[in-house]
Amino acid sequence: MADPKLRILVVDDFSTMRRIVRNLLKELGFTNVDEAEDGAIALQKLQGGGFEFVVTDWNMPNMDGLTLLQTIRATPTLKHLPVLMITAEAKKENIIAAAQAGASGYIVKPFTAGTLSEKLNKIFEKMGMA
Amino acid sequence: MSANNDSGDLEALFDSIAADFSPAIPVTTVATPKSNVPTGDDDDLQALFDSVSAETQPPKVVESVERAAAESLSEAWPSQEGVFNRIGHMARALHDTLGQLGYDKLIEKTVSALPDAKDRLTYIANLTEQAACRVLNATDIASPLVDDMENSSKALGARWDKVFANQLSTDEFKALAIETREFLNKKIPQKTQETHAQLTEIMMAQDFQDLTGQVIKKVVGLAQELESGLMTVLVEVMPETKRTEEVASLMNGPVINSQGRTDVVVNQKQVDDLLDSLGF
């Protein structure tokens, strides 16, 4: 398993979903989790430094998840960050757009704890963090 | 809130927008009737149409003034004027068609039901949020209880393993027996009861489904009424050459009905397969 101290930012405009993702991450052993309610706030927190992983929704006010992802990939200090998208957007063009923008993983809602765990591990393996 | 309040708001909005443009066409301000008497939708529409048609066919006296003003202004205005004209004509046509078809009463009824629908949807949002919080709180309480039972059982089990390996003294064995009895008779039942209470809480939190289900049915009925009314009107009014194209957007929210659609995925496996096939 990856470092349990891994600092993760969970970005979703619904507090319930943030809480669920946070709880699932806790069950997987990750307790160093912070939250942001949209892309703009997330970007501020990320630019503050210290984060090693981003889990984000797509459809959010102010700045959506795809824009956040594109901004992260275009920012030299952040572009290495793994970004996992958890979203209700299920059109094929969404998935392709996310992949092309450099998403590390894509999970459609509703999702299970097993899916989250599987995708996280896959990303950790790819990043050599496992 | 009544329909009249709403049309008052709309009228105020229209006035404020029209006011922004008033320097462009002095005629408008002259021609726009400033009747604020709540006379009902028919009169409002009539007034709107009058003001728009006054724009398109300005009295001869002011025509030259308007032309001069329009010429001196930026080139953006003619296109906006065209839009206003078309909206005006559409409003007139819509108004006439509605009256002819008898839909005006239906639309009036539906429009007056919209604020009610807004309240109902807010009610649903509140109830579902409350339910989610209740469930998450219950799991927050129950999780440590279950964890504690698991850890205590494992600790006792490890000590019993020592008994079977003959690694415990008689005194230690006695203490273990007493503790185990206490654990089985008191600790476990207490924790399971507390966990059970949280399970009941989770179950009870699902009562929102019944309440929101009823409200959703009503709102869906309203939306269908409004849709079929508006669709019929649109079909009557819209020129045959006009076709709406589906707006390509990347923010559509959850797929409500995937049947017969090839542009969406329905489960995580399809997401993974798609990404795999693209080499991601």
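Guide: Welcome! Helices (H or I, at least four residues) and strands (E, at least two) are DSSP runs, numbered from the N terminus. By that rule, Asp57(A) lies in the loop between E3 and H3 of chain A. This is a predicted model, where local features need pLDDT of at least 70 and side-chain atom pairs count only at pLDDT 80 or more, while totals for chains, interfaces and linings use all residues. Residues are numbered from 1 along each chain as its sequence is written, and chains are lettered from A and ligands numbered from 1 in the order in which they are written.

Visitor: Why is Asp57(A) called buried?
Guide: A residue is buried if 20 or more other C-beta atoms (placed from the backbone) lie within 10 Å of its own, exposed if 12 or fewer, and partly exposed in between. Asp57(A) has 26 other C-beta atoms within 10 Å, so this residue counts as buried.

Visitor: Which residues does Asp57(A) touch?
Guide: Two residues are in contact if their C-beta atoms, placed from the backbone, lie within 7 Å. Leaving out residues up to four places away in sequence, Asp57(A) touches Val11(A), Asp12(A), Asp13(A), Met17(A), Gly65(A), Ile86(A) and Thr87(A).

Visitor: What does the UniProt record say about Asp57(A)?
Guide: An unreviewed UniProt entry carries the annotation "modified residue: 4-aspartylphosphate" there. UniProt positions are given in the numbering used here, feature names are shortened, and annotations may be inferred rather than shown by experiment.

Visitor: How do the elements of chain A follow one another from the N terminus, and what are their counts?
Guide: They run β-α-β-α-β-α-β-α-β-α, with 5 helices and 5 strands in chain A.

Visitor: What makes E1(A) and E3(A) a pair?
Guide: Two strands pair if DSSP finds at least two bridges between them. E1 (residues 8-11) and E3 of chain A have 4 bridges in the parallel sense, with Val10(A) opposite Val55(A). On the E4 side, 3 bridges join E3(A) to E4 (residues 83-87) of chain A, again parallel, and Val54(A) stands opposite Val83(A).

Visitor: How many bridges join E4(A) to E5(A)?
Guide: There are 4, and the two strands run parallel; Gly105(A) is the bridge partner of Leu84(A). The β-α-β crossover from E4(A) to E5(A) passes through H4 (residues 92-101) of chain A and is right-handed.

Visitor: Why do E2 and E5 of chain A count as edges?
Guide: The open sheet of 5 strands has the order E2-E1-E3-E4-E5, with parallel pairing. Strand E2 (33-36) and strand E5 (105-108) of chain A each have a single partner strand, so one side of each is left without a neighbour in the sheet. Neighbouring strands are turned by 20° against each other on average, direction ignored. Axes here are lines fitted to C-alpha atoms, for helices over the stretch in contact, and angles run from 0 to 180 degrees between N-to-C directions.

Visitor: Which strands does H5(A) lie across?
Guide: Helix H5 (residues 113-127) of chain A lies across E4 and E5, running at about 175° to E5(A).

Visitor: Which residues have the most contacts inside the largest nonpolar core?
Guide: A nonpolar core is a set of buried Ala, Val, Leu, Ile, Met, Phe, Trp, Tyr and Cys residues joined through C-beta atoms within 7 Å. The largest one has 37 residues, and Ile8(A), Leu9(A), Val11(A), Val55(A) and Met85(A) have the most contacts inside it.

Visitor: Why is Pro254(B) called partly exposed?
Guide: Pro254(B) has 14 other C-beta atoms within 10 Å, so its count falls in the partly exposed class. Pro254(B) sits in the loop between H8 (208-237) and H9 of chain B, and touches Ala88(A) and Lys109(A).

Visitor: Which element gives the most to the side of chain B that touches chain A?
Guide: Overall, 18 residues of chain B are in contact with 23 residues of chain A. H9(B) gives the most to that side of chain B, with 4 residues.

Terms used:
A crossover is right-handed if, with the strands pointing away from the viewer, the path from the first strand over the helix to the second runs clockwise.
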